[in-house]
Amino acid sequence: MESDDLGLFGPDSVTWKVHEEPVLLVAGLRALYLQALHPRAMAGVAQNSNYRRDSWGRLLRTATYVATTIYGTTAEAEAAGRRLRALHARLRAVDPVSGERFRVDEPDLLRWVHVTEVESFVTTARRAGLSLTDAEVDGYYTEQRRAAALVGLDPDTVPGTAAEVAGYYRRIRPELRMTREAAETALFLTAPPLPGGFSLPVRLGLTLGPPRWAYFGVAGTALGLLPGWARRLYGGLGLPTTALSAEVGLRALRLALAAVPQRYREGPLQQAAKARAARLAAPALPG
């Protein structure tokens, strides 16, 4: 018997509305640029990851995890969370400033990664042209506390509205800085190796073979979408019109992706989730 479990969110959630957008591939890159500005979080990644040697594999694994939490069944999402928590529990790193050895699953670090991801997703979707009310944005942040719980966070300690996210950023900004590792990571993100014949996974279903100039365009858009304070930490990247230019480019990309047939825009997890939702919504046949 096929499961009709709709997972942590479901078709009536703001989460499904936001993640319907293929343009969120830009949001993922934006989140990585933000995350690199936290020295302790960056140390945790740099000292435990082979992202330079397997950047696209890591991207695909991250995208698969996010898709599972959003579109998988409840059991699939919870299993993905357990695997990630078990992985994080084994990892340690050394603070580049204090020399302290720390666990990478410290709540403060998990919270930073969570907030930068979800804020990047909803901000990018909105700036791309997705119509979202302020109440829906707050609803998205509140819903995403369920995803935060999967990685081991207490949902009550995670910002659940736009105002709380803005307050969180204000509080954490004194901890952020441009380090050598942040600069090297930003450079790598902007110009990663693109092996010949490699197809960039998009939404776990669509594959494109982008030439380097096209990737530069996506990376430049992601940088331009960063908050002004983040771009200043990166040395004031861009002109005063950078944010506007990025938004124009983002909207053009959204229109281009909308022209791609739906069966290619949606990955298998999303398609399966929609099939379950359709079965649940179908009227019962008379007995």
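In which crossing does α3 pass α10, left-handed or right-handed? The answer is left-handed, a label used when the near helix is turned anticlockwise from the far one by less than a right angle, with clockwise giving right-handed.

A quick word on what you are looking at: this is a predicted model, where local features need pLDDT of at least 70, side-chain atom pairs count only at pLDDT 80 or more, and totals for chains, interfaces and linings use all residues. Residues are numbered from 1 along each chain as its sequence is written, and side-chain values use heavy atoms, with hydrogens and water left out.

**The chain as a whole**

The chain has 15 helices and four strands; both are DSSP runs numbered from the N terminus (helices are H or I with at least four residues, strands are E with at least two). Of its 287 residues, 45% are buried, where buried means under 20% relative accessible area, exposed over 50%, and partly exposed in between (1.4 Å probe, protein chains only). Take the contacts (heavy atoms within 4.5 Å) between residues at least 6 apart in sequence: 73% of them join residues at least 24 apart.

Axes are lines fitted to C-alpha atoms, for helices over the stretch in contact, and angles run from 0 to 180 degrees between N-to-C directions.

| Pair | Angle | Axes |
|---|---|---|
| α3 (residues 39–46) and α10 (residues 180–190) | roughly 60° | within 9 Å |
| α4 (residues 55–71) and α15 (residues 268–281) | about 5° | 9 Å apart |
| α4 and α5 (residues 74–89) | about 140° | 7 Å apart |

Angles under 35 degrees count as roughly parallel, over 145 as roughly antiparallel, 65 to 115 as roughly perpendicular and the rest as oblique. So α3 and α10 are oblique to each other. In that pair, Met42, Ala43 and Ala46 of α3 meet Glu181, Ala182 and Thr185 of α10. By class, this contact has four nonpolar, one polar and one charged residues; Ala, Val, Leu, Ile, Met, Phe, Trp, Tyr, Cys and Pro count as nonpolar, Asp, Glu, Lys and Arg as charged, and the others, Gly among them, as polar.

Helix α4 takes part in two of the tabulated pairings. With α15 it packs at about 5°, so the two are roughly parallel. Thr64, Ala67, Thr68 and Tyr71 of α4 make this contact with Leu269, Gln270, Ala273 and Arg276 of α15.

With α5, the angle is about 140°, so α4 is oblique to α5. Their crossing is left-handed. On the α4 side, the contact uses Tyr65, Thr68 and Thr69, and on the α5 side Glu76, Ala77, Ala80, Gly81 and Leu84. Those residues split into four nonpolar, three polar and one charged.

**Two buried spots**

In helix α9 (residues 162–172), Val165, Gly167, Tyr168, Tyr169 and Ile172 are buried. What do they pack against? The partners are α2 (24–35), α6 (107–128), α7 (134–143) and α12 (228–233).

Asp105 sits in the loop between β2 (101–103) and α6. With a relative accessible area of 18%, Asp105 is buried. Leaving aside residues up to four places away in sequence, Asp105 touches His88, Ala89 and Leu110. Between Asp105 and Ala86 there are 9.8 Å in space, C-alpha to C-alpha, at a sequence separation of 19 residues.
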